[in-house]
Every structure is written in C-alpha cells, then in structure tokens.
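Subject: Structure handover

Hi,

Here is the structure I promised you. Please open it beside this message and follow along.

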Amino acid sequence: MRLSDSIEQFIKELLSADETEVELKRNELAEYFQCAPSQINYVLATRFTMDDGYVIESRRGGGGYIRIVRVVQTGAQRLMYLINERIGDTISENEASRLIGQLVEQRLVTADEGEIMRAAVSQQALSVPVPDAIKDALRARTLRTMLTTVARQNRAAE
C-alpha cells in the first residue's frame with residue numbers, strides 16, 4: 001500500500017461513523033508515518049476536499065493543528081450537490097471514475113452499480129469518431145442522468 005493511501009486510511013479510521021471531526025498535529029502525523037509534513041499536506045489537499053465531503057481547517061505555529069470535518073449530508077443532498085455543482089458541462093473519464101468511487105465509498109451506490117456507471121462513461125463506451133471535448137460532454141450528461149435517477153430512487157425510499 002502506498003504511503004498516501006495509508007495516511008488517508010488512518011485518518012478515515014479516526015473519522016468513524018460517530019465522529020464527524022478529528023483534530024491532528026501535522027508534525028506528529030508526519031513523524032508517525034516517518035514522512036515529510038508536505039506528504040501530509042498532499043494527502044489532505046487531494047483526498048479530503050470539499051468535493052469528497054470534507055472541510056479542512058488549520059492553524060499554523062507551535063500550537064498549530066489540522067481539523068478535518070466530515071460534512072454530513074443525506075444521500076439525496078450529496079447527489080444534488082454533485083449533479084448541480086460538481087459535474088460541469090464536461091467531465092473527463094478519470095474525474096468521472098473518481099467521483100463514482102466516492103459514491104461507492106459513501107454507499108450512495110453499490111459496488112455493482114458503480115461498475116456499471118464506470119462502464120457507461122468509459123472511453124470504450126464512448127469510442128466514436130468525435131473530438132474528446134464532445135465525448136467529455138456526453139460523459140457529463142450520462143453521469144448527470146444516472147445520478148438524477150439514483151437521487152430519485154433515494155427520495156422514493158426515504
């Protein structure tokens with residue numbers, strides 16, 4: 001397992017189902033993982049973003065800390081955020097796959113549904129002789145339509 005993955009997993013374990021926030025010291029965490037503090041910064045900047053459902057607060061200095069807060073949203077709220085804010089007019093295959101991975105991790109879709117969604121927005125599914133910009137636009141529309149359907153199903157179940 002890569003160091004970044006280990007750091008991410010460690011922090012997510014601290015943020016259990018009952019805990020929505022955790023306060024850490026960057027230097028202590030770097031010492032624990034025997035890495036540079038910049039590696040901790042990298043993990044926080046790439047794995048704990050607002051798009052991932054987290055807010056990071058930090059205070060520098062001797063008594064400095066990093067506070068990671070998991071934003072608690074219902075499934076329908078999260079899906080509506082993704083539909084309205086996260087997916088623009090276009091989305092790359094990598095970004096769509098990452099977003100689908102987040103949906104699976106947050107249990108908004110099952111692993112099987114996630115695989116079907118990934119297949120529907122894959123390069124293979126969109127292998128038509130058109131420019132990549134058009135493929136990215138089709139991918140965004142397809143993903144938005146799938147998420148709208150999932151949101152509709154979630155509302156019906158609530």
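Arginine 2 and aspartate 5 join their side chains in a salt bridge, at 3.9 Å from N to O. A salt bridge here is a side-chain nitrogen of Lys or Arg within 4 Å of a carboxyl oxygen of Asp or Glu. Arginine 2 is exposed, at 54% relative accessibility. Aspartate 5 is partly exposed, with a relative accessible area of 26%.

The model is predicted, so local features need pLDDT of at least 70 and side-chain atom pairs count only at pLDDT 80 or more, while totals for chains, interfaces and linings use all residues. Residues are numbered from 1 along each chain as its sequence is written, and side-chain values use heavy atoms, with hydrogens and water left out.

More on the salt bridges

The structure holds 11 salt bridges. Lysine 12 pairs with glutamate 105, and their closest N and O atoms are 2.6 Å apart. Lysine 12 sits in helix H1 (residues 3–14) and glutamate 105 in helix H5, so this pair ties together parts that are 93 residues apart in sequence. Both ends are partly exposed: lysine 12 has a relative accessible area of 22%, and glutamate 105 has 47%.

Arginine 67 forms a salt bridge with glutamate 21, with the closest N and O atoms 3.5 Å apart. This pair also links distant parts of the chain: arginine 67 is in strand E3 (residues 65–70) and glutamate 21 in strand E1 (residues 21–24), 46 residues apart. Glutamate 21 is partly exposed, at 39% relative accessibility.

Salt bridges link Arg2, Asp5, Glu8, Lys12, Arg47 and Glu105.

Overall layout

The protein has 7 helices and 3 strands. Helices (H or I, at least four residues) and strands (E, at least two) are DSSP runs, numbered from the N terminus. Along the sequence the pattern is α-β-α-α-β-β-α-α-α-α. Of the 158 residues in the protein, 35% are buried.

Helix H1

H1 has 12 residues and reaches 17 Å from its first C-alpha to its last, close to the 16 Å expected at 1.5 Å a residue. The expected span is 1.5 Å times one less than the number of residues. Which residues of H1 are buried? They are Ser4, Ile7, Glu8 and Ile11. They cover an arc of only 100° around the axis, which puts them on the same side of H1. The arc is taken from the directions from the helix axis to the C-beta atoms.

The axes of H1 and H3 come within 10 Å and cross at roughly 70°. Axes are lines fitted to C-alpha atoms, for helices over the stretch in contact, and angles run from 0 to 180 degrees between N-to-C directions. H1 and H3 are therefore roughly perpendicular to each other. The cut-offs: under 35 degrees is roughly parallel, over 145 roughly antiparallel, 65 to 115 roughly perpendicular, and the rest oblique.

Helix H5

The 13 residues of H5 (residues 93–105) should span 18 Å at 1.5 Å a residue, and the end C-alpha atoms are 18 Å apart, which agrees. Ala96, Leu99, Ile100, Gln102 and Leu103 are buried in H5. These residues cover an arc of only 155° around the axis, which puts them on the same side of H5.

The axes of H5 and helix H6 (residues 111–120) come within 9 Å and cross at roughly 170°. That makes H5 roughly antiparallel to H6.

Positive phi, and one buried arginine

Most residues other than glycine have a negative phi. Just after H5, arginine 107 takes a positive phi of about 60°. Glutamine 34 also has a positive phi, near 50°. Where does glutamine 34 lie? Glutamine 34 is in the loop between helix H2 (26–32) and helix H3 (37–47). Glutamine 34 is exposed, with a relative accessible area of 75%.

Last, look at arginine 139 in helix H7 (residues 132–157). Arginine 139 is buried, with a relative accessible area of 1%. Arginine 139 and glutamate 93 are 46 residues apart in sequence and 7.6 Å apart in space, C-alpha to C-alpha.

Best wishes

Terms used: Buried means under 20% relative accessible area, exposed over 50%, partly exposed in between (1.4 Å probe, protein chains only).
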